[in-house]
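Please look over the sequence and the model before reading on.

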Amino acid sequence: MAAAGVSSTGSEKLCDRCSLICPDLADRATRLSWGLKLSMVLLHVIFVGVVFVFDVSLIRRTREQPWYTAAYLVVFSATLFQYFFTSCSSPGYVIDAMRAANGTSTTFNNPSSILKQSNSRDRYIICSTNNHHLEAQTTHFNSSSWLKLVMDLYPPGSAIRNWTCSYCNIVQPPRAKHCHDCDKCILQYDHHCVWLGTCVGQGNHCRFWWYIFLETILCIWTVVLYISYLRSEIEKIWWKEFIVIVLLAALMFCLIFLILLLLFHSYLALTNQTTYEMVRRRRILYFRGIPEKVRPFSRGICKNLYTFCCSRHSIRDLEAVPTMEDIEASARPYTCSDVVMCRCC
């Protein structure tokens, strides 16, 4: 028992020293987030490193054609960079948009609620507390500008209580949702990515697509290198070949998943939809009465792609719920004149 007490005291001192060096590591959720990121980097290094360690022909090719290996390592580095760039970016928080709309007129009576709801851009922090529900109920703020802005985005006669988050006590604009993992309301919420440790929303959906794209390219290239090693005529040790076969099977599974995920999010970008809207369409109030085949927020392929890739994601990008006239126009089948006028674009 004495030894256990000494070890626990030593671990506490180590944690205290780490907290002094890097204050962010004092939060357990932050430590888990960085542990996940380091695990992802380690997996990438293992899958890529095995090829260079086992494949002698690849080392020989590197000496003869250094550009080939250099290009592969560039893709590898770009994938890891995009992973950190996406995971550390802000998905777009409702509280930030509300502050931008209200300016300095927004006042909070509960400072702890600010810490839980606010998040600086391009930085991921999860704040958890046992008294969250009590504090959310007692949080009051002057948001007249934000309330007017949000109500203009909904159809006339909409009830405010239907769009108020029961956890944050904040009026949500259309397409926003509260994430229970991040404990924040996210603009244009798509999903919470476990591998990234953050939500995918309006602010980082495009970055998430580029990360999947680079990850798919890296996975395809690595599979080719693995197959080339297995088909080579060099003498192989049985345990090395076994390791390569096991890793290749895992890579093939990941590749299929990545391709499907890339195609799915490409479809979402082209049609201006989110994963949450497709999966939970019947539970979203403003989707009721809209035919299943109608995509109410779609403005054509070109405009959808421009919004997805080039939008600056400010409060000016908040999308209003379309009127019934716009929905009926979207549900109307295409004619020859619509094709000529590029209505689908």
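The sections below treat a pair of helices, the nonpolar cores and the salt bridges.

The model is predicted, so to speak of local features a pLDDT of at least 70 is needed, and side-chain atom pairs count only at pLDDT 80 or more, while totals for chains, interfaces and linings use all residues. Residues are numbered from 1 along each chain as its sequence is written, and side-chain values use heavy atoms, with hydrogens and water left out.

**Helix packing**

Helix α4 (residues 66-87) and helix α9 (residues 205-231) have axes that come within 9 Å and cross at roughly 145 degrees. Such axes are lines fitted to C-alpha atoms, for helices over the stretch in contact, with angles from 0 to 180 degrees between N-to-C directions. Residues of α4 that meet α9 include Tyr68, Tyr72 and Phe76, and those on the α9 side include Trp210, Leu218 and Leu225; contact means heavy atoms within 4.5 Å. By class, this contact has 16 nonpolar, four polar and two charged residues. Here Ala, Val, Leu, Ile, Met, Phe, Trp, Tyr, Cys and Pro count as nonpolar, Asp, Glu, Lys and Arg as charged, and the others, Gly among them, as polar.

**Nonpolar cores**

A nonpolar core is a set of buried Ala, Val, Leu, Ile, Met, Phe, Trp, Tyr and Cys residues joined through side-chain atoms within 4.5 Å. Buried means under 20% relative accessible area, exposed over 50%, and partly exposed in between (1.4 Å probe, protein chains only). The largest core has 37 residues, of which Leu196, Leu225 and Tyr226 touch the most other members. Helices α2 (28-54), α4, α9 and α10 (238-271) each supply at least two residues of this core, and α9 gives the most, with 12 residues. Leu225 touches Val51, Asp55, Leu58, Tyr68 and Tyr72, leaving aside residues up to four places away in sequence. A second, separate core of 31 residues includes Met98, Val171, Ile284 and Leu318.

**Salt bridges**

A salt bridge is a side-chain nitrogen of Lys or Arg within 4 Å of a carboxyl oxygen of Asp or Glu. The count by this rule is four; the table lists three of these pairs.

| Pair | N to O distance |
|---|---|
| Lys148 and Asp152 | 3.5 Å |
| Arg175 and Glu277 | 2.6 Å |
| Arg282 and Glu292 | 3.9 Å |

Arg175 and Glu277 are both buried. By contrast, Lys148 is exposed at 57% relative accessible area, and Asp152 is exposed at 54%.

Definitions and conventions. Helix = DSSP H or I, 4+ residues; strand = E, 2+ residues; numbered from the N terminus.
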